[in-house]
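Colleague: I would like to go through the terms in your description and see what each one rests on.

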Amino acid sequence: MMEKGNKSLGSLTGLDKKYLYVQTIGCQMNVHDSEQIVALMEKEGYVCTKNVNQADLIILNTCSIREKAAQKVNSQLGRFRRLKEKNENLIIGVGGCLAQQMGERLITKVPDLDLVFGTHNIHQLPELIVEIERTGRKIVETTVHESTQSIGLLALPPIGRVTAFVTIMQGCNNFCAYCVVPYLRGREESRDIDDILHEISNLSDQGVKEITLLGQNVNSYARKRSGESGFVDLLHEIEKIEGIERIRFTTSHPKDISESLIASFAEMKKLCKHIHLPVQSGSDRILALMNRGYTRSEYLAKIEKLRKSCPDISITSDVIVGFPGETDGDFQETIDMMNEIRFDSLFSFKYSEREGTAALNMSGKVTEPLKLERLRVLQSLQEEHTLEKNRAMVGRQEKILVEGLSKNCREDVMGRTSTNKIVNFGGSIELVGEIVPVFIKEAYLHSLRGEML
Ligand code: SAH
Ligand code: SF4
Ligand code: F3S
């Protein structure tokens, strides 16, 4: 193993500042994991920087969901390793799903790396860094801990933030045929309810008004312990926490949405009127090949019940085009279903082959140009639907939780409707954290414009 210049631990006590640069690729889970990494390392005396050239420690939190995400990791690592020429004490660590998947192989491929750590090893990060500083050795730590002790490290978001993520479960048991997540995040494990409530109370004390509960499949929260109602019970407990005004959650699996959750949208005051319900395809044949566990008509029936319970609910989804065996007819069924449902917005992806998944060996590969063409058709249809949904908001009065200043204009503030649509309107920073009535005046593809009443 290569030796590197030893660093004195004294520098961690703040005598000379150490800078941490964190970059995240991937989903909200990774974004939240990165927040935890920052909070953990700040406790050790590190200061976050946005300037990578200044960094003493670089952490790249990676994703492996599609080939494109993996490629992005490669190009970033190429950039970071060149910084070692200027700073020989620089430590580069790679965490997250791609790190979990590749382990040792990542160090072989990119020898300038100092640390590879997995999705269950974030809490070990401070000790791993100290070990590298002390010995100069490279470390690979991707042990999967089935317990949930590694999540919810009580890392609070920065002061002034009014929204926060809270992990309620880790892992996934669903093994959809295309997906690597169950292999990288381990088996489904729900976090203890008291730990979750304690974390949310702390967040509320710090001024957080809206929380988003995170899990690959939140609807099966605590199923092993409390049957169907585990997730809804949790929502009711959270609703009692003073100071928390809004509750969101992601992601839901259509097969696990219970009647009591559907009813909750009508009954619970703090539960936001939005559900992200990935459908993936409108063809029963493809859904079965994907191992999704529901049919098109079962999905449609859930949508109907949701809209009956809560007519204003916004529904968003994910779709994959070009799954092995997808014919023009299958694709048309997806398009027909979109026309029938009219999602508020939709994330759509070209099927990407992933190592270790069941779909890898399926026949009927769809060519790249055909996948692209299907994606184009689907996305332009969705743009019409999104605009139509947003335009329907014009003339309405909405309650907006103000999150901060607008990106483009410092005289405007930005917030969201309960249905998760972004609204910009004139206002100043003092409004952050307030829920204010706003009249919606204009609608665009990605946001709305309003005026405070
Ligand atoms: N657990 C969540 C999200 C998983 S990843 C859920 O089940 O809904 C987010 C989205 O990425 C998925 O919904 C799916 O649409 C897409 N995705 C996952 N694996 C993919 C692959 N191999 N190729 C293309 N898209 C994929
Ligand atoms: Fe992947 Fe399916 Fe689990 Fe979602 S439910 S993480 S798509 S295996
Ligand atoms: Fe998320 Fe990517 Fe992992 S989508 S769970 S970071 S593979």
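This is a predicted model: local features need pLDDT of at least 70, side-chain atom pairs count only at pLDDT 80 or more; totals for chains, interfaces and linings use all residues.

Modeller: Residues are numbered from 1 along each chain as its sequence is written, chains are lettered from A and ligands numbered from 1 in the order in which they are written, and side-chain values use heavy atoms, with hydrogens and water left out.

Colleague: Why is cysteine 172 called buried?

Modeller: Buried means under 20% relative accessible area, exposed over 50%, and partly exposed in between, with a 1.4 Å probe and protein chains only. Cysteine 172 has 9%, so the term buried applies. Cysteine 63, at 10%, is therefore buried as well.

Colleague: And what makes histidine 145 partly exposed?

Modeller: Its relative accessible area is 22%, so histidine 145 falls in the class in between. Histidine 145 sits in the loop between strand 6 and strand 7 (163-167). Setting aside neighbours within four places in sequence, its contacts (heavy atoms within 4.5 Å) are His120, Asn121, His123, Gln124 and Gln170.

Colleague: How many disulfides are there?

Modeller: The count is 0; a disulfide would be a pair of cysteine sulfur atoms within 2.5 Å.

Colleague: Which residues surround ligand 2?

Modeller: Near means that a heavy atom of the residue lies within 4 Å. The residues around ligand 2 are Cys172, Asn174, Phe175, Cys176, Tyr178, Cys179, Val181, Pro182, Gln216, His253 and Arg292. By class, this shell has 7 nonpolar, 3 polar and 1 charged residues. Ala, Val, Leu, Ile, Met, Phe, Trp, Tyr, Cys and Pro count as nonpolar, Asp, Glu, Lys and Arg as charged, and the others, Gly among them, as polar.

Colleague: What is the order of strands in the open sheet?

Modeller: The order of its 6 strands is 2-1-3-4-5-6, with parallel pairing. Strands are DSSP runs of E, at least two residues, and helices are runs of H or I, at least four, numbered from the N terminus; two strands pair if DSSP finds at least two bridges between them.

Colleague: Why do strand 2 and strand 6 stand at the edges?

Modeller: Strand 2 (46-48) and strand 6 (139-141) each have a single partner strand, so one side of each lacks a neighbour in the sheet.

Colleague: How do you know that strand 1 and strand 3 pair?

Modeller: Strand 1 (residues 18-24) and strand 3 (residues 57-62) run parallel and are joined by 5 bridges, where at least two are required. Glutamine 23 stands opposite leucine 60 in strand 3.
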